[in-house]
Amino acid sequence: MPNAVPESPATLSYRDAVREALRQALSEDPRVFLMGEDVGRYGGSYAVSKGLLASFGPERIRDTPLSESAFVGAGIGAALAGLRPIVEVMTVNFSLLALDQIVNNAATLSHMSGGQLSVPLVIRLATGAGRQLGAQHSHSLEGWYAHVPGLRIAVPSTLDDARFMLAAALALPDPVLLFEHLYLYNMEGSLTEGLARVDLEHAAIRRSGRDVTLISYGWSLHKCLAAATTLAAEGIEAEVLDLRTLRPLDDAAIMASVRHTRRALIVDEGWRSGSLAAEIAMRINEQAFYELDAPVARLCTAEVPIPYARHLEEAALPSPAGIVAAARALVQPAGGD
Amino acid sequence: MRVEFRLPSLGADMESATLTQWLKKPGDPIRRGEPIATVETTKGLIDIEAYEDGVLTELVSLPGTRVPVGAVLAHLEVDSARSVSAAAVAVPTAAAAPELTREPRPTPAAAPIAHTVRLRLSPAARRRAQQLGLTPQALRQRAAQGGVLRLQDIEQLDGEPPAPGADARAAMRQTIGAAMARSKREIPHYYLGHTLDFGPAQNWLAAHNAALPVGERLIEALLIIKAVALAAARSEGFNGYFRDGRFEPSAAVHVGAAIALRGGGLLAPALPDAHAKDLPTLMREFSALVMRARAGHLRSGEFTSATITVTALGADGVDVLFPIINPPQVAIIGAGAIRAAPWALEGQLLIRPTLTLALAADHRVTDGRAGARFLRTIGSLLADPQAL
């Protein structure tokens, strides 16, 4: 492609950004190590850790047996003992095998020991659908974890966050779960120049608008941004809020945006019933009811196990067209009773 | 003890009103004279007042409903064991009203804004409307266009108070017509005219106002009102109500001031105890009354309490205004325009500012001789304005 714009040297993929984050953490702190299924010789199921074994050796890039409970538990033990383990769980679907370790141990030990113990563990999990991987590899269960006190749940949805959230997570004394949407690994772009760190406290406005707030994270965030572009052509200025952390939720940022636009649409790849979207909607109801010009709306995944067939999988997930329609309905409601 | 707060009659021709808004909620302490609710009548929106001190205990009627005169709107708890029913105090004309309105009347062609329109306000719109003090009527007019009112709609409404629509104007015209027809049918009017030299009053007014900021200056109409009030207090048979076949004189003089509304229509709310108040006080109350009347926020007492009325066409007027008595009152003074005219004084012909006052009075109560004395008393009071 002789006419293509020359590739900026700074262009990288989301996968590269996470790898850079790992490389930096491993380089800067000898207590850090990476552990998980196929993270070493295979280079990671999503090729995130490719090349790290060669750089850091088998002591710090450790392949584990196929036993999530065992290696997450080992990670908790290592954290208790003073190390800074990064445990990769291939997908959130498989983390259910380690649910006991995560919920009953990692999340509780600081509380149950009266603060004497801390578990500075980072668990990285792929999440989400969109790659025709079948139901058991495609669910979005991060909302479940966001229910649990003692855990911090963060979702890097941009290259910057993919690059810098890991360091922020490692700096915390308590367990952090980082959810990487598997659809985003191939997303390319460049990092914000001069950015060196991010926090795990605040939501971020990814696009400003005055008419409706689209609240989202992960792949859905990018669907919201695409929808906002379409809506702008219709004269509807959507604000897009990237939650970044699902626990704790940045209520202040959510309410500030809703106060500004007076309408909110939450786009969540989780199922609707008992969802994180429900939690956010309720908080808006509690804290910003009198700011609203329309009922809070949600767009979630159809309540089915994610289908394998491409057209069915697409139909089950939130889509930019669906977001556009839902946002339009909020801004221009049908008149009359 | 518990007393019933009933919808008062706000005019002999009023049969019902639409409750538009509660201004108090259960548990609120209520002071006598405080507005409790706003109702919509053919005369526009009126704040109805409490007639006793107490606590509002229960709201009986819902906003948006049409209620007949005398219907219980709410319950109050009052301390006094001597309390009579709030309605009995509230409705001085209630006893007469049923008879007077029994005659079949055409159904008003133009009902007030449909009270069946359910207000659908977004939470943000609802809060903003409250902050702006927008009336449910204003919102209902907009809501009638359909859909949910949003913040933007409310902010558009603010600053453009809805002009009385053709419907409201027609309803008010009908009300005026009914009251005047009743007056002409039942009251044997007699008319007297008296032209006087308004020079002394005008000179005094100019001197008095010269030292005052614009906001405190007195107007000519106020001198006339005050003079009528004093004359009414000193005369017999002009101040009070004719009810149940007899005249009930009033010790206090509450002067109804006819106020023309922008966009058409006429109201004559009362300046209470006008005979007993000094001119600056009356002026303040008169200004406030005019503003409230034009904003559609008169209080119920102001509608019902006038014991005599003054109507003036002002500078745009003509020489003589023959007024029609506003029942159940028994007298009304019409003031023509003040204009320079030839005036004979002590054998000389002068040019003086002149004013012609016309009295319409009820022959069931007084005769022309008493009327003439009454008019002359007004004239002599205006000739000595510093005594007003």
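Tutor: Two strands are said to pair if DSSP finds at least two bridges between them, and the strands themselves (E, at least two residues), like the helices (H or I, at least four residues), are DSSP runs numbered from the N terminus. This is a predicted model, in which local features need pLDDT of at least 70 and side-chain atom pairs count only at pLDDT 80 or more, while totals for chains, interfaces and linings use all residues. Residues are numbered from 1 along each chain as its sequence is written, and chains are lettered from A and ligands numbered from 1 in the order in which they are written.

Let us begin with strand S20 of chain B, residues 348-362. S19(B) and S20(B) form a hairpin with two residues between the strands, where B:Glu346 takes a positive phi near 50°. Strand S18 of chain B, residues 331-335, also pairs with S20(B) in the antiparallel sense, over five bridges, and here B:Ala335 has B:Leu357 as its bridge partner.

Now turn to two helices of chain B. The axes of helix H8 (residues 220-234) and helix H11 (residues 368-383) come within 9 Å and cross at roughly 130°, where axes are lines fitted to C-alpha atoms, for helices over the stretch in contact, and angles run from 0 to 180 degrees between N-to-C directions. H8(B) and H11(B) are therefore oblique to each other, since angles under 35 degrees count as roughly parallel, over 145 as roughly antiparallel, 65 to 115 as roughly perpendicular and the rest as oblique. Among the residues that make the contact are B:Leu223, B:Ala227 and B:Arg234 of H8(B), together with B:Phe374, B:Thr377 and B:Leu382 of H11(B); residues are in contact if their C-beta atoms, placed from the backbone, lie within 7 Å. By class, the residues of this contact divide into nine nonpolar, one polar and one charged, with Ala, Val, Leu, Ile, Met, Phe, Trp, Tyr, Cys and Pro counted as nonpolar, Asp, Glu, Lys and Arg as charged, and the others, Gly among them, as polar.

Note on methods
Contact = placed C-beta atoms within 7 Å.
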